[in-house]
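Let's take a walk through this model, one stop at a time. Have the chain in view and follow along.

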Amino acid sequence: MSEEKKQTVLAGFKAFLMRGNVIDLAVAVVIGAAFTNVVNSIVKGVINPLVGAFGTQDLEKYSSCLKQPCRPDENGVMQGIPINWGLVLSAALSFLITAAVVYFLMVLPMAKYLARRAARDKAKEATTEIMEVTEIELLKEIRDALVAQRGSGHDNTP
């Protein structure tokens, strides 16, 4: 690869990184990861024990056995085929909580803000159109008045 081509590629990559979208996306990923940890902690620390209070165990420990026996042998290797559906249910609850929080705290307020902004921009545009039409009508009246003055031969200058 020639030195000039390397410079062009590096300059393009630098421009790509410096665009606001990439930085915004990186911030969103970091905040999303931190938020996911909070939601997982809530599910594991609050919801799972609550489910366990109504059942016999922690939500993540609920399972069924597809093929017996579903117990570890003396080496700690699981015998049989266990289906850990409690893990899936716990993950689904984490997803639903995350999706609800994102929707109600981010998506919905942003949609309302964008709708208000669009309505405000539309109102400004309508006002600008009215002002333009009014200006045109006023200019036509001035033109007609000037034509009428010239046509009658009167000069009203002092």
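Pro-69 sits in strand E1, which covers residues 64-72; helices (H or I, at least four residues) and strands (E, at least two) are DSSP runs, numbered from the N terminus. The peptide bond leading from Gln-68 into Pro-69 is cis, with omega near -5°. Bear in mind that this is a predicted model, where local features need pLDDT of at least 70, side-chain atom pairs count only at pLDDT 80 or more, and totals for chains, interfaces and linings use all residues. Residues are numbered from 1 along each chain as its sequence is written, and side-chain values use heavy atoms, with hydrogens and water left out.

Now step back to the loop between helix H2 (20-54) and E1, where you'll find Glu-60. Its relative accessibility is 23%, so Glu-60 counts as partly exposed (buried is under 20% relative accessible area, exposed over 50%, partly exposed in between, with a 1.4 Å probe and protein chains only). Glu-60 and Asn-48 are 12 residues apart along the chain, and their C-alpha atoms are separated by 7.1 Å. Not counting residues up to four places away in sequence, Glu-60 touches Lys-44, Asn-48, Gly-86, Leu-87 and Ser-90; contact here means heavy atoms within 4.5 Å.

Ser-94 counts as buried because its relative accessibility is 8%. Leaving aside neighbours within four places in sequence, Ser-94 is in contact with Val-39, Asn-40 and Val-43.

Further along, Arg-120 also belongs to helix H3 (residues 85-152). With 44% relative accessibility, Arg-120 counts as partly exposed.
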